[in-house]
Amino acid sequence: MVYENRKYHIDFHLLEECFKHSKVFVLISPHNPTGTIWNKEVLIKIINLAKKHNVFIISDDVHADFTLTNDSHYLISSLDEWVANHSMICLSPAKTFNIPGLEIANLIIENKEIREKFIKEMMALGIHNPNYFSIPAIISLYKYCTDWVIYLKEYIKNNKKIVKEFFNEYIPLLDITESDGTYLLWINYKKLSINENELAYWINNLSRVKVSLGSEFGKEGDGFFRMNVAMPREKLLEALNRIKNGFCLLNNREI
């Protein structure tokens, strides 16, 4: 992935070089941590490369419910019959409804042979029965909670807007990556000319706010941090003010 003008795009020349030596490709859409939703044009390019080099696709779409712009989210398997038979689609209500403790997920494996092999491996690992509460929970959530999800998406969209406006006013050197989905913000702090240890001291220690450091996502995350905005607005505003006050302390300014 290439970062340019607060957006990410895929280097397809590099991707094809990788495909020449790969058997499996893991796709994440909406992407974590950047929030990028890969549009149909991008997905079709990935499909063509996968077919050309016979690469199996594992698509992680667990944030699929969090499409916050007019851009549509597509399951890559829905766009091509070959991919439908050479892919595994990973979905889960855990992100949308904040129920990771129920340990429930949905896997779509249309290829019968691959599906049976996968089930066999799951059984061998002792992963075969959902817990007692998960099945009725997932049925109820998908059946009765559509209005709640619509409200949630709008709430998170406004939370993101609040964070952007706050940083533009008080810490304008922070660049927030333009994102189409998820409840996460991927924030570039390179213009502040501080290293990650200083960033961690500022936000985690001085401000007492927890964010994910860019190094947790590999070397490409250097100069970035990830912020979760899926919280009540009162808590979000408290966190933002703590970050602002911590920034003043870091720079020996008056709060």
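The model is predicted: local features need pLDDT of at least 70, side-chain atom pairs count only at pLDDT 80 or more, and totals for chains, interfaces and linings use all residues. Residues are numbered from 1 along each chain as its sequence is written, and side-chain values use heavy atoms, with hydrogens and water left out.

**Helix H9**
- Helix H9 covers residues 233-250, and its end C-alpha atoms lie 25 Å apart, which agrees with the 26 Å that its 18 residues should span (1.5 Å times one less than the number of residues).
- The buried residues of H9 include Leu236, Leu240, Ile243, Lys244 and Phe247; buried means under 20% relative accessible area, with a 1.4 Å probe and protein chains only.
- Among the elements that cover these buried residues are helix H7 (146-170), helix H8 (196-206) and strand S10, where contact means heavy atoms within 4.5 Å.

**The sheet**
- Strands of a sheet pair through backbone hydrogen bonds, either parallel or antiparallel.
- Here, four strands form an open antiparallel sheet in the order S7-S8-S10-S9 (strands pair if DSSP finds at least two bridges between them).
- At the edges, S7 (175-176) and S9 (212-213) each pair on one side only.
- S9 pairs with S10 (residues 224-228) over two bridges, and Leu213 has Phe225 in S10 as its bridge partner.

**Cysteines**
- The structure contains zero disulfides, a disulfide being a pair of cysteine sulfur atoms within 2.5 Å.
- Cys90 is buried because its relative accessible area is 15%, and Cys248 also counts as buried, at 13%.

Notes
Buried < 20%, exposed > 50% of the residue type's maximum accessible area, 1.4 Å probe, protein only.
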